[in-house]
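Here are my notes on this one, as promised. Have a look at the model first, then read on.

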Number of protein chains: 6
Amino acid sequence: MRRVLYPGRFQPFHKGHLRVVEKLLREFDEVVIVIGSAQEGFTCNNPFTASERIEMIDYVLRSNGMSRDKYWLIPIPDIRMPLAWTTYVLSMVPRVDAVASGNPHVVRIYDWIGFKTIKLNLFNPSEYNGTVIRRRICNGLEWKHLVPEQVAQYIESINGVERIREVCGCGDHRD
Amino acid sequence: MRRVLYPGRFQPFHKGHLRVVEKLLREFDEVVIVIGSAQEGFTCNNPFTASERIEMIDYVLRSNGMSRDKYWLIPIPDIRMPLAWTTYVLSMVPRVDAVASGNPHVVRIYDWIGFKTIKLNLFNPSEYNGTVIRRRICNGLEWKHLVPEQVAQYIESINGVERIREVCGCGDHRD
Amino acid sequence: MRRVLYPGRFQPFHKGHLRVVEKLLREFDEVVIVIGSAQEGFTCNNPFTASERIEMIDYVLRSNGMSRDKYWLIPIPDIRMPLAWTTYVLSMVPRVDAVASGNPHVVRIYDWIGFKTIKLNLFNPSEYNGTVIRRRICNGLEWKHLVPEQVAQYIESINGVERIREVCGCGDHRD
Amino acid sequence: MRRVLYPGRFQPFHKGHLRVVEKLLREFDEVVIVIGSAQEGFTCNNPFTASERIEMIDYVLRSNGMSRDKYWLIPIPDIRMPLAWTTYVLSMVPRVDAVASGNPHVVRIYDWIGFKTIKLNLFNPSEYNGTVIRRRICNGLEWKHLVPEQVAQYIESINGVERIREVCGCGDHRD
Amino acid sequence: MRRVLYPGRFQPFHKGHLRVVEKLLREFDEVVIVIGSAQEGFTCNNPFTASERIEMIDYVLRSNGMSRDKYWLIPIPDIRMPLAWTTYVLSMVPRVDAVASGNPHVVRIYDWIGFKTIKLNLFNPSEYNGTVIRRRICNGLEWKHLVPEQVAQYIESINGVERIREVCGCGDHRD
Amino acid sequence: MRRVLYPGRFQPFHKGHLRVVEKLLREFDEVVIVIGSAQEGFTCNNPFTASERIEMIDYVLRSNGMSRDKYWLIPIPDIRMPLAWTTYVLSMVPRVDAVASGNPHVVRIYDWIGFKTIKLNLFNPSEYNGTVIRRRICNGLEWKHLVPEQVAQYIESINGVERIREVCGCGDHRD
């Protein structure tokens, strides 16, 4: 049985993330999705709590035909020590065979400890990008085409658009 | 859909824990098992990493006929601030309706924030007790009857008995 | 007896803050002023220590005819975990009935735990604003009309203007 | 105007503490009472939250004829770095001229940074002692004569005896 | 025997730093070089680990004729509490007589605790500047003339240029 | 060039430690001595600051004919996360080829990350033992034969015996 670790902040989980999970599940038996900056929420850069991100991703993956037997959702709070963070994460997830990431920092630090890494080639990273999506929401632009439809539904169910606009002060520049 | 939070250290997961999970699943749809002191491992009081505890519990629950659709395994590292810890945990797990615990400290702090609590009446807590089990392992006494057989198997597979005896310095007093 | 919590960084305490305290004291018996980022000082964003901010606010409030029986000054260092911070603060201040803030993030996180919140409509927030005041000091513009006169006196007594210009590197662009 | 710092855990505030505050106020204009381990509560060693300890001490001091103009109550959470703690505390309280303590560790670390210290000769420390008082409560022995009557009242008002017996597991050895 | 403390991040160690060490060693017997933000590495602002910075500086100083009897290299991780940081550092280095820095924040906080400080007049700080050097590397500009030749060699030996370009995303704007 | 890491608390540095350093230097070119719990000092379990421990060890090693070219003294504060601690330490010391320790916990956690470990067979660990030595000092028993003479001198020069007796409350049981 082979498992892969896939860390991210998922603010929010978008179509690029979904593609990665699908791809990893073609090569591994299980994917361990690590939800980073898990202690955050209700800020402009991290509007959603880990609780919400877990529910959001679980909803997407199950709606896309994946069983909970194939993925794990593990929240990891920040410790702000990147080299310590590598083994910190590994000690708190089911054993994995490799770490997959599109973030060069993450790949580099796991290379540094000699752990197997997979450098992901992200699909259209300038669009499928959390920062871009949050900015579009802030600016009142279209954003739902960038996320799986279940994410759009979930965000609406928790008034997430209003939340982002409020904590980012988007409305301040508009009215 | 109703969920309940069940926090513990599970060093190791024993028959008392299994009974609690079974009981909670008769009353709730899903149980969120929080693995506390998740940053620990290879010490006398916390011999097993969160990684191992996740695998151990998953193995027990599945072997006892439960589907991963019924339980969540969420590691939470210590922050050593009990009142802050209450909402820290709630912000990192899928939404729950109540917290169940046999630990009066845990029940009290969730009462303090006004969250619904369930005080568990533990079954034979002087035997089904992590501290007691670790001490029995240390002293070379019988311990396997206190844990589900999958836990005994798992601990053997990782040489857990030898590990406990070594990091607790058990052998030092014996030879 | 009814108390309200009023958190802020107060870098420095300005006329907008004073108005809020006066207003809250018309509705509550006591106001608990929480001085956030209390561990900071001598940086560009947090030039004043909590020690200085306590003295500064105490001086203003007493000079404006308020008795120490009406207000509490409680420093709270950052923990960088917003959802945990809610109960962290509540556990360290005298019991309060509500939290008042003009900061949507603060209001949202206390709403999230089900605590009573009061969303303050700030008076002229684009002028009565710590960031704006520090920038005006940095740029050598007039700023004393934005703070109570005791704050201006206090800042002078500790050479605060020179401090801000130095740690923000304001002089670097001037000479 | 001269101020003195007086740090302690005050679990609970007892007659020995009250004597110290009275003595210090004969020599200084104001006493800054630092409530240490402020992040704690509902544990056997730290049964009362900082919130409760603030209220308890304020109630005692006012009932004993002291005005809030004479004392400050400042909660300070643990950072577990004793030499850093010295300046950490000083940066978060109104300026003080000296630190007074009966705890040799506290006196030593402030001596180490060259700050003026006052080594208190405690009055009957084997009886007027938080650990002793909590143990007496746990064991069902008389304890109220060791604390000011307002502390006894306050503890009763929050069911503090039952709390201590529960979180310390006292009842377990009794029934 | 007289020692001086010289804190910095040294990302990387440049010719301005070398001049300071040489100057301090003309006035003191030993210099204690504190490598700040020691927990960092492989990020855009802190590309080099403390491990690498220790090796890099040791290599430069020895190559420039200094003996290890004259300098200490001490890594100090961030605690993000500036006033506590002052004594935190002093408690972890061999005793020093003064702190030397070109950073006004550092000078100010040590002044605050009453420790002797030396305000360094930096040599050409707009060029001999870590931020500037990292930016030049990122932009593909010449940078080696700004650092001692051993630093340039060391950075090459660990593929540091490629690392900076990757974790800062420099290449993203180039291709 | 081959280096080995040797972590310990060194409260105080005793003859067993010196033997280990001498032995390691017969097999390696340099030894990196990591001074753990570096943030501590003036407590019963950690009476000496890292500053003092650095000076004490440096004095012993030089007096025993070792050059600073052969050893490094690196203080590391606790992070209370053992699996993260492994790479935390490695990222802050000059590159090493192996970790040597007589502590099974330390050996086990470095084994866990796949780093080369050397399990030291300690010489007479029931006597050459920091806990034992501090207890002997507390109880007024002979202890100087257990430490290198320079350590005894150093401890005397800082009034270390009196310090231990005071912060451990040894005198309380004696008078």
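1. Some housekeeping. This is a predicted model, where local features need pLDDT of at least 70 and side-chain atom pairs count only at pLDDT 80 or more, while totals for chains, interfaces and linings use all residues. Residues are numbered from 1 along each chain as written, chains are lettered from A and ligands numbered from 1 in the order written, and side-chain values use heavy atoms, without hydrogens and water.

2. On the interface itself, 27 residues of chain A contact 27 residues of chain B (heavy atoms within 4.5 Å). Together the two chains bury about 2,100 Å², 53% of it on carbon and sulfur atoms; that is accessible area lost on being put together, with a 1.4 Å probe, summed over both. Arg68(A), Trp72(A) and Met92(A) supply 27% of what chain A buries there, more than any other three residues.

3. Charges next: eight salt bridges cross between chain A and chain B (a Lys or Arg side-chain nitrogen within 4 Å of an Asp or Glu carboxyl oxygen). One of them joins Arg95(B) to Glu55(A), with the closest N and O atoms 2.4 Å apart.
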